[in-house]
Amino acid sequence: MTQQPSLRAMDSLNDAITAKIVPMQEYLLQGSIMDTSVENLLHRLRGLCDNVESGYEQFSDYEVCFSLRLPNQTAPLALRVRRALDQDVPYQLRYLGQPEGQADRNRPTLVRSCIDIACTASIVEFLNELGFRVEFEYRIAGYMFRKGRMKITVAKIFKPNTPAETISQSYLVELSVLAPSGQEAIAEDMRQFAEQLKPLVQLEKIDHKRLM
């Protein structure tokens, strides 16, 4: 019997993760800050991060989350497609594994497997052909800072079809690092950096399951 394309896609992805073809882990802390206080946070980050003279980078992206439900799988396969609205760069296809470390007090950050792939605009049509469906979409725009290996983003989330309409009156703040497996010392560096942003913003391990 010929295997369906969606099943072959799932098998290929599982093989890639198992074989650690791209053995990357994302270490993550998240928080939010009200619109009225965001300038204070940006000022603090300018002083703490690299490239003080050039300051921060601005970005504006559009992201779509696709999912595919497969037989004998409790959770659907989810893939994200992101494209930059202000730069001529390739689309990005991203797979994120299930977060680990929510309940482990010895782990300062969430950790999840991550695979990033540059691709063309035809990726959306390709995923539709495989049977994926759109779960949600949004536009995100804001500021990005660097501190060594750490990336800090302060971003506003907008509804996709109404560019000026925001989701909330606050900014999403994320502190993340992409690194090969087994570099747990990174999480402690992130915790120490997050301490320097208090009391402006509290960066924490967010249990995304509670938000659903």
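Predicted model: local features only at pLDDT ≥ 70, side-chain atom pairs only at ≥ 80, totals over all residues.

Me: How are the strands arranged?

Reply: In general, strands of a sheet pair through backbone hydrogen bonds, either parallel or antiparallel. Two strands are counted as a pair if DSSP finds at least two bridges between them. In this model 8 strands close into a barrel in the order β1-β5-β4-β3-β2-β6-β7-β8, with antiparallel pairing. Neighbouring strands of this sheet are turned by 35° against each other on average, direction ignored; for such angles, axes are lines fitted to C-alpha atoms, for helices over the stretch in contact, and angles run from 0 to 180 degrees between N-to-C directions.

Me: Which strands does β2 pair with, and how many bridges join them?

Reply: Strand β2 (residues 57-68) is joined to β6 by 11 bridges, and Glu 57 stands opposite Met 144 in β6. On β3 (residues 77-84), 8 bridges join that strand to β2, and the bridge partner of Asp 61 there is Ala 84. To see how covered β2 is, we need the word buried, which means under 20% relative accessible area, whereas exposed means over 50% and partly exposed lies in between (1.4 Å probe, protein chains only). By that rule 10 of the 12 residues of β2 are buried, so the strand is mostly covered. Of the 212 residues of the chain, 38% count as buried.

Me: What does α4 lie across?

Reply: Contact means heavy atoms within 4.5 Å. Helix α4 lies across β1 (24-34), β6 (133-147), β7 (150-158) and β8 (170-180), and runs at about 155° to β8.

Me: Which residues touch the most other members of the largest nonpolar core?

Reply: A nonpolar core is a set of buried Ala, Val, Leu, Ile, Met, Phe, Trp, Tyr and Cys residues joined through side-chain atoms within 4.5 Å. The largest such core has 28 residues, of which Leu 45, Leu 175 and Phe 193 touch the most other members. At least two residues of this core come from each of β1, α2 (38-48), β6, β7, β8 and α4. Apart from it lies another core, of 16 residues, among them Tyr 95, Ile 115, Ile 123 and Phe 132.

Me: Is Ile 123 buried or exposed?

Reply: Ile 123 has a relative accessible area of 10% and is therefore buried. This residue lies in helix α3 (residues 123-130), and, leaving aside its neighbours within four places in sequence, Ile 123 is in contact with Val 81, Tyr 91 and Leu 93. Ile 123 and Leu 93 are 30 residues apart in sequence and 8.0 Å apart in space, C-alpha to C-alpha.

Me: How many salt bridges does a search of the whole structure find?

Reply: A salt bridge is a side-chain nitrogen of Lys or Arg within 4 Å of a carboxyl oxygen of Asp or Glu, and the search finds 12 of them. In one of them the side chains of Glu 184 and Arg 107 meet at 3.7 Å, N to O. This pair links distant parts of the chain, with Glu 184 in the loop between β8 and α4 and Arg 107 in the loop between β4 and β5, 77 residues apart. Glu 184 is partly exposed because its relative accessible area is 41%, and Arg 107, at 21%, also counts as partly exposed. Elsewhere, Glu 26, Arg 94, Arg 112 and Asp 116 are linked in a network of salt bridges.

Me: Where is there a cis peptide bond?

Reply: As a general rule, most peptide bonds are trans. In this model the peptide bond from Lys 198 to Pro 199 is cis, with omega near 0°, and Pro 199 lies in the segment after α4 (185-195). Lys 198 also forms a salt bridge with Glu 195, the closest N and O atoms being 3.0 Å apart.

Notes:
Residues numbered from 1 in each chain as written. Heavy atoms only, no water. Helix = DSSP H or I, 4+ residues; strand = E, 2+ residues; numbered from the N terminus.
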